[in-house]
Amino acid sequence: IEIKSKNEISLNIQKKLNVYTNLNSSKKIELEIDSEKIITSSSRDTLGNTKKFDMEIIVTLIKSQKGKANEKVIFSENFKYNNTSNKFDLKKYENNIQQNLTNKIFQEMLLYLSSI
């Protein structure tokens, strides 16, 4: 498992995938993981202040096996949420959202990899 972007999302996925790694298996699959988190303002009030955010997490997985062409799969999840005046609480909430979206993507990746 190779991580292209060493961010929290990719490292979290790598850590979870390591549980499923079997170096003695006859079926060798190499994975390259790249991820990004995008937070955009999806709604503003009349003064131009952000009322709602949209967080999207995108994970790109490149799978390679001996004798087969590389396969690229993109997993994506997003979530809309309200802004708050307490920035500490907002940051904690965003971390929770990121964790939940990452977990959803990880489950989708497991389904994909188990079908190989």
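A nonpolar core is here a set of buried Ala, Val, Leu, Ile, Met, Phe, Trp, Tyr and Cys residues joined through side-chain atoms within 4.5 Å. The legends below describe close-up views of a predicted model.

**Figure 1. The largest nonpolar core contains 23 residues.** Within this core, Ile13, Leu17, Ile33, Val59, Leu61 and Met109 touch the most other members. At least two core residues come from each of α1, β2, β3, β4 and α2. The greatest contribution is that of α2, which gives nine residues. Leu17, one of the residues named above, touches Ile1, Leu31, Ile33, Phe106, Met109, Leu110 and Leu113 when residues up to four places away in sequence are not counted.

**Figure 2. Four strands form an open sheet with mixed pairing.** The strand order is β1-β2-β3-β4. Strands β1 (2-3) and β4 stand at the edges with a single partner strand each, so one side of each is left without a neighbour in the sheet. The parallel strands β1 and β2 (residues 29-44) are joined by two bridges. On this pair of strands, Glu2 stands opposite Glu32 in β2.

**Figure 3. Helices α1 and α2 in relation to the strands.** Helix α1 (residues 8-18) packs on the sheet and touches β1, β2 and β3 (50-65). The direction of α1 makes about 140 degrees with that of β2. Helix α2 (residues 87-114) lies across β2, β3 and β4, and runs at about 150 degrees to β4.

Figure 4. Leaving aside neighbours within four places in sequence, Leu61 is in contact with Leu31, Glu32, Ile33, Glu71, Lys72, Val73, Phe75, Met109, Tyr112 and Leu113. One of these residues, Lys72, is eleven residues from Leu61 in sequence, with a C-alpha to C-alpha separation of 5.7 Å.

Figure 5. Glu77 is buried yet has no salt bridge. The nearest side chain of opposite charge is that of Lys104, 4.3 Å away, whereas a salt bridge requires a side-chain nitrogen of Lys or Arg within 4 Å of a carboxyl oxygen of Asp or Glu. Apart from neighbours within four places in sequence, the contacts of Glu77 are Met55, Glu56, Ile57, Leu101, Lys104, Ile105 and Glu108.

Conventions:
Residues numbered from 1 in each chain as written. Predicted model: local features only at pLDDT ≥ 70, side-chain atom pairs only at ≥ 80, totals over all residues. Heavy atoms only, no water. Buried < 20%, exposed > 50% of the residue type's maximum accessible area, 1.4 Å probe, protein only. Lys, Arg positive; Asp, Glu negative; His and termini not counted. Contact = heavy atoms within 4.5 Å. Pairing = 2+ DSSP bridges. Axes fitted to C-alpha atoms, helices over the stretch in contact; angles between N-to-C directions.
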